[in-house]
Amino acid sequence: MNNIKTLNYILGLKDKNVFLTGSTGYFGSYLSIEMAKCGANIILNGRSKEKLIKLNNKIKKLRLKSQIAHFDINDHANLKSNVKKFKKIDVLIHNAYDSSINYSDKNLKKNNYNANQSFMLNFFSVINLNKVFLSKMIKKKKFTSSIINIGSIYGSKSPDFSVYQKNQHHNPEFYGASKAALAQLTKYYSVKYASLNIRVNTVTPGAYPNQQTQKKFPKFKKDILKKIPLGRLGKPEDLVGSILFLASDSSSYITGTNIIVDGGWSAW
C-alpha cells in the first residue's frame, strides 16, 4: 500500500454521508471543512440559516461536497419530516452546543430552565436523533456506520473554580452531568446497535477555549496551562484526527470507547 492509499484507508470518507449537528460552531465549522476534504458529503445542521449558508458556500468554493439541513434538533414535532429526505447516513456526529445555556444563574427558576435545556441538547436530542436516523444507518454490507458523540472533560472531572477570573463564567453542574450521561449513553448504544453494524463512540475534548476567551482572561489561560502536561491549550485541529478516525472504516472494530483529547490533563 503506497502512502496515498494508506492515508485514504485511514481517514478516507469518500462518498460517505456525514450528518453533523452544531456544524457552524467553534469545532463544527473546522470539522465540516476537514471532513469534506476527506471526501465526505457533509450535511450541515444548525439553527442559524445565515451561518449555514455562509459555511456551505465556503465548502462549495473549495469544490467539496456539502448540503444544508436547517432545523432545530429539539423540535420533536418536525424531526421525522426533516430527516425523511435523507436516503442514507453513514456517520452521525452529535456536536450541538449552545453557550447561552451553559452558565448558572442565581435565579432558581432560570437555572432550572437552563439545566433542562442543557440535558435536552446534550442528552435527549442524541436519543431522539439516533432513533429517527437508525433505519438510514443500518448497513447490509461489511462496512459499519458510525455514531460519534462529542463529550467534555467535565463529564468526568470537576472544574477547578480557583482558575477562573472575576466575572468569568464556568461550566455549571448540569453541563458536566449531561456530558457524563452522554458517556453512559455511548456504552448503552454501542451494545444495543452492535448487531446492526453501527458503532458508537465518544470523543472528549479537554481545555479548548476560543481566542476571545484567552485574550479576555489571560490569568485563566496561564493557570489552566499548568494542568496540561503537553503545555498548550487545545485547538479544533487537535480534535479532528480522532473524529476522522472513528468516522472511517479503519476503526471498524472500535465501539463503546471514549477517546480523550486533552493534552494529558486527565492523567494527573
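A residue counts as buried here when its relative accessible area is under 20%. With that in mind, here are some notes on this predicted model.

1. **A buried loop residue.** Isoleucine 228 sits in the loop between helix H8 (218-225) and H9. Its relative accessibility is 4%, so isoleucine 228 counts as buried. Setting aside residues up to four places away in sequence, isoleucine 228 touches Ala207, Leu233, Asp262, Gly263, Trp265 and Trp268.

2. In what order do the 7 strands of the open sheet run? They follow E3-E2-E1-E4-E5-E6-E7, with parallel pairing. Strand E3 (66-70) and strand E7 (258-261) are the edge strands, each of them pairing on one side only. On average, neighbouring strands of this sheet are turned by 20° against each other, direction ignored.

3. Strand E2 (residues 41-46) pairs with E3 in the parallel sense over 5 bridges. Strand E1 (residues 17-20) runs parallel to E4 and is joined to E4 by 3 bridges. E4 also pairs with E5, again in the parallel sense, over 4 bridges.

4. **Leucine 92 between two strands.** Leucine 92 is a handy landmark in E4. Phenylalanine 19 stands opposite leucine 92, and leucine 92 in turn stands opposite isoleucine 147 in E5. Which way do the side chains of strand E4 (residues 91-94) point? Val91 and Ile93 point one way, Leu92 and His94 point the other way, and all are buried.

5. **The largest nonpolar core.** This core has 28 residues, and those with the most contacts inside it are Met35, Ile42, Ile59, Ile93, Ile148, Val203 and Ile243. The elements giving two or more residues to it are E1, helix H2 (26-37), E2, helix H3 (49-61), E4, E5 and helix H9 (236-247). H9 provides the largest share of this core, with 6 residues. For a view from one member, look at isoleucine 148: leaving out residues up to four places away in sequence, it touches Val91, Leu92, Ile93, His94, Asn201, Val203, Ile243, Leu246 and Ala247.

6. **A second core.** A separate core of 26 residues includes Leu79, Phe86, Phe123 and Phe133. Turning to ring contacts, Phe86 and Phe133 also belong to one aromatic cluster together with Phe19 and Phe71.

7. The buried residues of helix H4 (residues 76-83) are Leu79, Asn82 and Val83. Why are they on the same side of H4? They cover an arc of only 85° around the axis, which puts them on the same side of the helix. An α-helix has 3.6 residues a turn, so residues three or four places apart point the same way. Ala77 and Lys80, on the other side of H4, are exposed. Helix H5 (108-137) is among the elements that cover the buried residues of H4.

8. **A serine in H9.** Serine 242 lies in helix H9. Is serine 242 buried or exposed? It is buried, at a relative accessible area of 16%. Apart from neighbours within four places in sequence, serine 242 is in contact with Val203, Ile259 and Val261.

9. **H6 and a run of tyrosines.** Helix H6 (residues 173-192) lies across strand E5 (145-150) and strand E6 (198-205), at about 155° to E6. The structure holds 11 aromatic pairs. In one of them, tyrosine 188 and tyrosine 189 have ring centres 5.6 Å apart and planes at 80°, so the pair is edge-to-face. Tyrosine 189 and tyrosine 193 have ring centres 4.8 Å apart and planes at 20°, so this pair is stacked. As for accessibility, tyrosine 188 is partly exposed at 47%, tyrosine 189 is buried at 5%, and tyrosine 193 is buried at 4%.

Key. Residues are numbered from 1 along each chain as its sequence is written. This is a predicted model: local features need pLDDT of at least 70, side-chain atom pairs count only at pLDDT 80 or more; totals for chains, interfaces and linings use all residues. Side-chain values use heavy atoms; hydrogens and water are left out. Two strands pair if DSSP finds at least two bridges between them. Axes are lines fitted to C-alpha atoms, for helices over the stretch in contact, and angles run from 0 to 180 degrees between N-to-C directions. Contact means heavy atoms within 4.5 Å. Rings of Phe, Tyr and Trp (its six-membered ring) pair if their centres lie within 6.5 Å; planes under 30 degrees apart count as stacked, over 60 as edge-to-face and the rest as tilted. Buried means under 20% relative accessible area, exposed over 50%, partly exposed in between (1.4 Å probe, protein chains only). A nonpolar core is a set of buried Ala, Val, Leu, Ile, Met, Phe, Trp, Tyr and Cys residues joined through side-chain atoms within 4.5 Å. The arc is that of the directions from the helix axis to the C-beta atoms.
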